[in-house]
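Here is a short tour of a helix and a nonpolar core. Please keep the sequence and the 3D view open as you read.

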Amino acid sequence: MSAEGGTKAIIAALGANAGIAVAKFAGFAVTGSSSMLSEGVHSIADTANQGLLLLGRKAADREADAEHPFGYGRNRYFYAFVVALLLFSLGALFAIYEGVEKIAEPHELESPLVAVIILVVALALEGYSFTTAMRETAKVRGGRSWWRFITSAKDPDLPVVLLEDSGALLGLVFALAGVGLSVLTGDPVWDGIGTLAIGALLAVIAIVLIVEMKSLLIGEGVDRTLYRTIVTELESGAVRTVIHLRTEYLAPDELLVAAKIALHGEPGMAEVAAAIDAAEARLRERVPTARWIYLEPDLLRTELSGSPRKTPEDG
């Protein structure tokens, strides 16, 4: 559901942003508004970003090979990281530059009503994209808050689209405010201030995305709840306890699990192999994303030394 929902949200955002970009540039050509120009560049960046997310999905589907034995799933994290960089460089920095220039050398707006109409239409289209992303996110968010979902999700697509659409909607409000105040006060500096606000907003969103995508790209483990679930499933049957556990997401739906386990009694090789096979089967049934599982039988060495065993730390 997450993969399908992410694709639907990306396609909705791609279509909306492409249409909005054309309208905004047409509005800039008519009005000369820097807010419209910045918003047009913002929409171009967003359209390119949706294309990059789709490209990341395609690249991640490649089969594992000798050079990449765990597959290419991290391509989705890489392309999402590139999206964050583009949003910062092409969106935020350009808008800040335009805003500063317009404040330093203000120019009167031409046909501001055209800009207002285009921005209102853009708000409606962005609202459709944002509603689609919210609806698809609600299917996988669970009991998490929206912010918690964005900062903890292992699938990068929905958080990226949510933040982009949120920024686009707020950016349109800033652009409307800039154009409107320029008309009401007769001072075009307000258009530059609106542009500057758009740039600052995009910079904040881009930095949040860069931090989150970097964390996913270098490798994240499971959360505390899933960590306990994994331990519970492993510590059953012939497995006495989990001595040591490490997890890492190789892709949104591909989890690596590596653990040292202690078995009951003193089993022979056949019993050890059977216990490991049974533990892997239990874990895969309960946690389908656990694609790569490596279990190593070992002795509970703290018992041999007489010292109490430490509980494995939550991931």
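Helices here are DSSP runs of H or I with at least four residues, numbered from the N terminus. Helix H1 spans residues 2–31 and includes Ile 10; Lys 8 belongs to helix H1 too. This is a predicted model, in which local features need pLDDT of at least 70 and side-chain atom pairs count only at pLDDT 80 or more, while totals for chains, interfaces and linings use all residues. Residues are numbered from 1 along each chain as its sequence is written, and side-chain values use heavy atoms, leaving out hydrogens and water.

Let us look at exposure, where buried means under 20% relative accessible area, exposed means over 50%, and partly exposed lies in between (1.4 Å probe, protein chains only).

| Residue | Relative accessible area | State |
|---|---|---|
| Ile 10 | 0% | buried |
| Lys 8 | 40% | partly exposed |

Now for the partners, with contact meaning heavy atoms within 4.5 Å. Setting aside neighbours within four places in sequence, Ile 10 meets Gln 50, Leu 53, Leu 54, Arg 57, Asp 157 and Val 161.

Next comes the core, a set of buried Ala, Val, Leu, Ile, Met, Phe, Trp, Tyr and Cys residues joined through side-chain atoms within 4.5 Å. The largest nonpolar core holds 70 residues, and Leu 245 is among those with the most contacts inside it. Beyond residues up to four places away in sequence, Leu 245 touches Tyr 227, Ile 230, Val 231, Val 257, Ala 258 and Ala 259.

Note on methods: Helix = DSSP H or I, 4+ residues; strand = E, 2+ residues; numbered from the N terminus.
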